[in-house]
2 protein chains.
Amino acid sequence: MKIVIDMMGGDNGPKATINALKLFIKEHNDVMVYAVGSSAIKEELVGIDRVEFVESQTVLKMDVDPMTAYRDENSSLMVACKVFNENNCDALISAGSSGALLTASIFKIKRIKNVIRPAFITSFPTIKKDKKFVVCDLGANNANTKEELDQFAMMGSLYYKFLYKENNPRVYLLSNGTEDGKGSPVGKEAFKLMKENKLINFKGNTEGRDALFGDIDVLVCDGFSGNVFLKTTEGTAKAMSSMLKDAFKRNIFSKIGYLLSKKGISEMKNKMDYKNVGGAMLVGVNGVVIKAHGNSDDKSFMSALTVSYTLVQEQIVEKFKKALE
Amino acid sequence: MKIVIDMMGGDNGPKATINALKLFIKEHNDVMVYAVGSSAIKEELVGIDRVEFVESQTVLKMDVDPMTAYRDENSSLMVACKVFNENNCDALISAGSSGALLTASIFKIKRIKNVIRPAFITSFPTIKKDKKFVVCDLGANNANTKEELDQFAMMGSLYYKFLYKENNPRVYLLSNGTEDGKGSPVGKEAFKLMKENKLINFKGNTEGRDALFGDIDVLVCDGFSGNVFLKTTEGTAKAMSSMLKDAFKRNIFSKIGYLLSKKGISEMKNKMDYKNVGGAMLVGVNGVVIKAHGNSDDKSFMSALTVSYTLVQEQIVEKFKKALE
């Protein structure tokens, strides 16, 4: 298995990616990694077994314009794409700008045949133990057609099926009500297509209110709403964790209370922490392309590497190609 | 002050509204209430000082089609609108279908001059003590134009200003990134209008991730995204409260831990509980129209009544009219 890592992307720079890479390569002895980054990090990487350092010149900013990024051929991301193609790699991981990764992937790694628009997909926790659901699209697009939404439903369904070994995942459309007639104008049209689509198990509309309770397997949304859903979930979880901290700090009794219930509380916080999610896959392109969280630390980037490893092992891209033909 | 209450709306029927009304009227001796409902509840209401019972025949379902609702002139909602107009009332409260309330309000209570589309607005908690922010539109619309979004910014700003006595509220647009160029296609256009708008203090784009942290006063969004934001916040808070409960139930130590930290934890839960929010105001129509939560209990409906009382006292509709001219 060959994986390319853009070592420079993300708010925290190469420190997090280097640590994660070192840990990852130690735990997976069937992997060869191409680590793309500036000469400054070369020293850290040479001599590590199964890691090949590839030098890049520039680093793209997180808020870079995607087309500007695409033209900067010496950036760590664009060099990573080149390395991906030249060495026939299986996966590419970056914690840099999503827009840049998306544009680079579409133009360099290319779409799978019949895919209209690639989409970002990832797993979310639920209140049920070990039960997750996936959301597609999380923001590769800022507006979508009904045909694209219908295809997101199919790709989300396949992703869930292969990752969680569940034959007939329940697909829902994110809407402003649970009734059949609800939805944005394009959502209402997509609803009809999805209802007719024999390749998915479409269950109808749902609301952000119900998503985390474990009865949904695949949540389909346009990239803009999906991004609102993702960031609102993340923000609310973070806000509640912060309020919880304050609640425990009130007085000596609540502090003891915290010590007594610490284990369960940490487990809950971990469950809702995006850093454990492991990044989002860009589905619909010719390779396992993973966007790690921009604010990745070692742990978070390590999760992204582990997810990419699993997806390559599952031969998810080959399965996508076959299904979308 | 004259308030009309649709006693029959909501999932829990008139039980919650009757209890709330009794409590509310006792606490506010400058209010006269028209209580509209079926003959079955008449007995409960006659004899209460400053409450006039008005009989209606039918009750609209929560998932009623808005135009069907509008045509049902004997429903508690439509009779309430009639009573509102005939008695020159100040406020109307219903826990029934939002769509029906919206349609009835637009046709019967009518829009304020220059308002393109009314919008639902309400206050949200933040991690900062006593600091709230407002969101507009929460779902009166399922798609909006740039001009409508710009007007939501103005109405949201006025609402915040009058309710929280803050002269220059910070207005943000809900987007898929914080950079200026981000947004849905219509959001990008609205951004330009809002930037030019001298009547608001526009600060740029924001994400659902940052909204609950206290640095935003007014969050502007199209009705579909706003509804996703509302329900995702609600769902995530509910999911985390449920996980928290499980965490405390783990063993005898965590149970004692809960008892010791109970007070702070309950305060946090209360803060994030939609039932304390007091419903959403339909801004842009000729009266204080409040949609109480469909799942209102006594406490929740009482909050809605209290909010409507404050808004009438603030003469918010008069102020809106003046500002939008």
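## Domains of chain A

The domain assignment, automatic or taken from a database, divides chain A into domain 1 (1–115 + 284–325) and domain 2 (120–275). The structure is a predicted model, in which local features need pLDDT of at least 70, side-chain atom pairs count only at pLDDT 80 or more, and totals for chains, interfaces and linings use all residues. Residues are numbered from 1 along each chain as its sequence is written, while chains are lettered from A and ligands numbered from 1 in the order in which they are written.

The C-alpha centres of domain 1 and domain 2 of chain A are 25 Å apart. Their contact involves 14 residues of domain 1 of chain A and ten residues of domain 2 of chain A; two residues are in contact if their C-beta atoms, placed from the backbone, lie within 7 Å. On the domain 1 side, helix H5 (98–109), helix H10 (298–313) and helix H11 (316–323) of chain A each contribute at least two residues. Helices (H or I, at least four residues) and strands (E, at least two) are DSSP runs, numbered from the N terminus. H11(A) gives the most to this side, with four residues. By class, this side has five nonpolar, four polar and five charged residues. Nonpolar covers Ala, Val, Leu, Ile, Met, Phe, Trp, Tyr, Cys and Pro, charged covers Asp, Glu, Lys and Arg, and the others, Gly among them, are polar.

## Interface between chains A and B

Between the chains, 51 residues of chain A are in contact with 51 residues of chain B. Helix H8 (223–248) and helix H9 (252–271) of chain A are the elements that give two or more residues to the chain A side. The largest share, 19 residues, comes from H8(A). This side of chain A consists of 24 nonpolar, 17 polar and ten charged residues.

The same surface serves both copies, as 100% of the contact residues of chain A recur in chain B.

## Helix H9 of chain B

Helix H9 (residues 252–272) of chain B bends by about 70 degrees at Ser261(B), the bend being the angle between axes fitted to the seven residues ending there and the seven starting there. Ser261(B) is also one of the buried residues of H9(B), among them Gly257(B), Tyr258(B) and Leu260(B). Buried means that 20 or more other C-beta atoms, placed from the backbone, lie within 10 Å of the residue's own. The cover over the buried residues of H9(B) includes H8 and H9 of chain A, together with strand E5 (119–125) and helix H8 (223–249) of chain B.

Technical notes
A residue is buried if 20 or more other C-beta atoms lie within 10 Å of its own, exposed if 12 or fewer, and partly exposed in between; C-beta atoms are placed from the backbone.
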